[in-house]
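I opened this notebook page to record what I looked up in one structure. The entries follow the order in which I made the checks.

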Amino acid sequence: MFLTLHDYLFATVYGGGFLVSLLTKDHHWLLARTATRMALLVSILSPLILGMTTPVLPSALAIVMGLLVALLGWVIVDFASRYLEGDSGLPRFVRAMLFTLFSVALLVQSDNLLLMALAWSASSLGLHVLLTHYQDRKAAEIVAHKKFIVSRMADMCLIIALFLVYQSLGTFSLPGINQQLAEMTTLSPALSLAAFLFALAAILKTAQLPLHGWLIQVMEAPTPVSALLHAGIVNMGGFVLISLAALINLAPLAQTTLVVVGSMTALLAAWVMMTRISIKVRLAWSTCAQMGFMLMEIGLGLYELALLHLVAHSVYKAYCFLSAGDAVEHTVRKDYLPQIGSIKGTFVALLLSVVLVSVILLLWQQWLPALSLPVSAGVILIFGFSPLLWRYDGTSLPLMALGAIRICFLLHLYLVWHAAFAQIAPAAAPTHPALLVFVCVAFTLLYIGQVVIRCYPNSKVVKRLYPWAYNGFYLDETFTRLTFKVWPARLSTEQAQTQVNRKKVTFGESA
């Protein structure tokens, strides 16, 4: 069903705020703050109101995502109202922000595939305006153009996929699509191609290697825009694929593509992140790696883990960008990367992580037999928790015990959240053994790479690898040369003749 006003009041609040912003010339921040606060209130109260007035409630997934978008929108707009106070481009910024929030809200609330695709594309157009907030900056225009190219490539994939789905199933309604797919054991070639194109669109929009350059280089935009991009927009590809879980489960090609591309992106981006000094650039590479991690989880059929990852990453990354000004002080007090006691201690940590995770999972299975945790999720947890023990060299039992207690606490906390999100996300799908082996190899390489870089920074291997990692393995340069030959960026005469900003500004961030 297409949206109705009373069922989708949450998105309507942002849309109404955007329309009013087009008509008013004053009080833009008051309008933006009012709209985001009303949207947050509606996202909290509307499920309760609809439950009392209508027999059909929105899906739990839509409710959770609506609350997430409303919370992020409220926090980011409130921060931006102080951060950009006195900015001459204020009206344009507020309009673009409200339009982008409206598009994202519409995306997460709709149960119609066509409307979701339109909202997804619209959010990228609104983001394009936000990324070029400082219109006299050459770097901002070039990076926004790179993102525009990638987004239009994704839109072409969506158009073809939508045509194939409608031709095969005769509907864009997600409930109707899921109902028909539930009766199938294999997909037709058209639907298999559609699933692959949806996966490819998500890969393009989540900045996977080698199409990641725009995400790393958008630091010319104001910090609130970076927070909105990394916390609320770039991960919408994961939400769309989770909504299409019934289609992805029957498409081996799409699953394999997501696992391979996601794993390789997570591996390479994590290595590159270790070479970065700039806090915001390091966070950008972290987002790139995390998006690869999320797509890998979806390809493995771990939808509850991917949804939990999406929500946690959104909240965490919004906090990181909005508090980036204090990052230097935090880094002085505590290193960003975990300390390694010794090379031997890292393998002891991995072994201890295997034991702890295995024992706790067995205990949970005895206590809660309904809990289902695939082997692939266990592998992820083992590699994910073992760095908590890196700083201990294995000779101090009290320190090892403290690390083990931390792992036990976090694993219990994860299992609680896993059980909760398993009620919201689609059921996990079986994992092909070959994909599980590929993921294990990727995580092993990531683990070994991090250990070697931290323990042997002056070795020949690290010195040879470092220039490649620092330059992102030169993948973005290759993509930029190829695409800009076909569709070059259009710059003003002043921008084209200089590599720096000629106009000095006294507001916002320096170039």
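I began with the salt bridges and found Arg37, Asp78 and Arg82 linked in a network of them. For a salt bridge I required a side-chain nitrogen of Lys or Arg within 4 Å of a carboxyl oxygen of Asp or Glu. The model is predicted, so I noted that local features need pLDDT of at least 70 and side-chain atom pairs count only at pLDDT 80 or more, while totals for chains, interfaces and linings use all residues. Residues are numbered from 1 along each chain as its sequence is written, and side-chain values use heavy atoms, with hydrogens and water left out.

I then took the members of the network in turn. Arg37 and Asp78 join through their side chains at 3.9 Å, N to O. Arg37 belongs to helix H2 (residues 28-53) and Asp78 to helix H3 (residues 60-83), so this pair ties together parts 41 residues apart in sequence. I took helices (H or I, at least four residues) and strands (E, at least two) as DSSP runs numbered from the N terminus. Asp78 also bridges to Arg82, with the closest N and O atoms 2.9 Å apart. Both of these residues lie in H3, 4 residues apart, about one turn of the helix.

Next I looked up exposure, where buried means under 20% relative accessible area, exposed over 50% and partly exposed in between (1.4 Å probe, protein chains only). Arg37 is partly exposed at 46%, Asp78 is partly exposed at 24%, and Arg82 is exposed at 53%.

How many salt bridges does the structure hold? I recorded 4. One of them pairs the side chains of Lys205 and Asp155 at 3.7 Å, N to O. Lys205 sits in helix H8 (residues 189-205) and Asp155 in helix H6 (residues 138-169), so the pair ties together parts 50 residues apart in sequence. Lys205 is buried at 9% relative accessible area, and Asp155 is buried at 11%.

I turned to the cysteines and looked for sulfur pairs within 2.5 Å, the cut-off for a disulfide. The count came to 0 disulfides. Cys288 is buried at 0% relative accessibility, whereas Cys440 is partly exposed at 26%.

I listed 23 helices and 0 strands. Buried residues make up 54% of the 511 residues. In helix H10 (residues 223-233), 11 of the 11 residues are buried, so the helix is largely enclosed by the rest of the structure. Among them are Pro224, His230 and Gly232.
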